[in-house]
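Please read them alongside the sequence and the coordinates.

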Amino acid sequence: MHYLSTRGQAPQKRFTEILLGGLMEDGGLAMPVQYPTFSRADLDAMRGMDYRQLAFAILSRFADDIPADDLKALIDRTYTADVYRNTVSGSDARDITPLYTLESDLHLLELSNGPTLAFKDMAMQLLGNLFEYALAKTGAELNIFGATSGDTGSSAEYAMRGKRGIRVFMLSPHQKMSRFQTAQMFSLQDPNIFNIAVRGVFDDCQDMVKAVSNDLDFKARYRIGTVNSINWARVSAQVVYYFKGYFAATKSNDEQVSFTVPSGNFGNVCAGHIARMMGLPIRHLVVATNENDVLDEFFRTGVYRPRATAETLHTTSPSMDISKASNFERFIYDLTGRDADRVRALWGEVDRGRPFDLSDSGLFGKVASDYGFQSGSSNHAHRLATMRLAQARWGRAIDTHTADGLKVALERREAGVPMVVLETALPAKFSETVVEALGREPVRPAGMENLESLPQRFEVMDADVAAMKAFIAQHAD
Ligand SMILES: Cc1ncc(COP(=O)(O)O)c(C=O)c1O
Ligand SMILES: N[C@@H](CCOP(=O)(O)O)C(=O)O
């Protein structure tokens, strides 16, 4: 499989190159030249596969420059009950992503039982093993430069800590993550981990990651890679659990399923879009936002209007406090019929802080009719009410992001169509709001009881690209 850029001005690459390189040379995102597809007969064969078998069936189509036996070994080592063991619902960890049924045709797909209690671990644990494998082949080193609103950072740091030849420089919005998220990252003392709290919001952090990656000399000199969903390998590994969730929620491949996805950077739901393009019978992909409703606004109106730092709200689902959704570019690339010139022009506007409007273009109608997208948004009051509802009606404590998803799913579900809500984090990460909603502390997996009292190591910096480069240069060699 070869990969091209959404902006059409970078040479094609293979999977291992984009794994280590992240952003394409023209500032665009990597996309497969075409999506591999699964026929009905393929789906019939896949039904009944376990997570590892499904992951291999799917990822071997994308990572075909890795010898099949090696890829299989990496997958088998990653997706084990020992890695994804933090289930607090009593589900069977051997399922890796257990489906938890709330009531008939309403399910949670548990994605947060990995080491850092968020869905990021589903792809990040594999990414850590893939990086190690690819770097061992050449003896090269990699400096990961990433941005987090709370979960990607800790997931990446736990996946990369102690890995030879890898350093992690992780930007996060200063004082805007939950206490647990902050402690989970900043308490790591490993010498290859650098946490930088940026005076700004997540989008400022992500903009700096892109700016540094777009300096091709610097990128090559310091071997900069990324773990954000900018990286195709991240997104493609997330495709797997849509297949797993689909098979778990249905009895036959004649059925359709809808997924509701708590969304911010559009990486998770982009993986759902890819699964649908590969032939998975998905009826609707429902994008659920919090008060930072840029994506909901687009799916309702056709206007994509990224917000500035001052307009981005600090909410109680802080990991979704995102106003510039990186992966949205991948979807618009498909929506425009893979018109890279048009994408380049549209993101030219976005990069200048300006909106674009597809409402009159003839394309907007296709968003729902051809691609199955729907949306909705949630706020703090909805979040609390939904967390209380989930506890009272189904005996299930959920986190604030999953609550945003469930709130929208309840509005969008259709009779006879299973609705699967992606559970993107465990409540333990957001105990302040869980206590507000339920009046009690959430359950914490063993070993995480005293996280917040551990000593913390981090730098505080301004959102200044030159200063970031200097910091990396100082610590990268
Ligand atoms: C807990 C949680 N839920 C939802 C999201 C939104 O996912 P995405 O950015 O892939 O849209 C994130 C961050 O990515 C998250 O950490
Ligand atoms: N919500 C994320 C933000 C980064 O998203 P990513 O999927 O592009 O890594 C976080 O928790 O850090």
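1. Helix 5 (residues 120-138) and helix 10 (residues 232-249) pack at an angle of about 130°, with axes 8 Å apart; axes are lines fitted to C-alpha atoms over the stretch in contact, and angles run from 0 to 180 degrees between N-to-C directions. The two helices are therefore oblique to each other, given that angles under 35 degrees count as roughly parallel, over 145 as roughly antiparallel, 65 to 115 as roughly perpendicular and the rest as oblique. Helices (H or I, at least four residues) and strands (E, at least two) are DSSP runs numbered from the N terminus.

2. This is a predicted model, in which local features need pLDDT of at least 70 and side-chain atom pairs count only at pLDDT 80 or more, whereas totals for chains, interfaces and linings use all residues. Residues are numbered from 1 along each chain as its sequence is written, while chains are lettered from A and ligands numbered from 1 in the order in which they are written.

3. In the contact between these helices, Met-122, Ala-123, Leu-126, Leu-127 and Leu-130 of helix 5 meet Ala-233, Arg-234, Ala-237, Gln-238 and Tyr-241 of helix 10, contact requiring C-beta atoms, placed from the backbone, within 7 Å. These residues divide into eight nonpolar, one polar and one charged; Ala, Val, Leu, Ile, Met, Phe, Trp, Tyr, Cys and Pro count as nonpolar, Asp, Glu, Lys and Arg as charged, and the others, Gly among them, as polar.

4. Helix 10 also packs with helix 11 (residues 267-277), at an angle of about 65° and with the axes 8 Å apart. The residues that make this contact include Arg-234 and Gln-238 of helix 10 and Gly-267 of helix 11, and by class the contact has eight nonpolar, four polar and one charged residues.

5. Gly-267 is also among the nearest of the 14 residues around ligand 2, together with Thr-148, Asp-151, Thr-152 and Ser-229, where near means a C-beta atom, placed from the backbone, within 6 Å. That shell has one nonpolar, twelve polar and one charged residues. Around ligand 1 there are 16 residues, with Asp-151, Asn-265, Gly-267, Ser-319 and Thr-424 closest.

6. Six strands form an open sheet of mixed pairing in the order 3-4-14-9-10-13, two strands being paired if DSSP finds at least two bridges between them. Strand 3 (99-103) and strand 13 (373-377) are at the edges with a single partner strand each, so one side of each lacks a neighbour in the sheet.

Technical notes. Contact = placed C-beta atoms within 7 Å.
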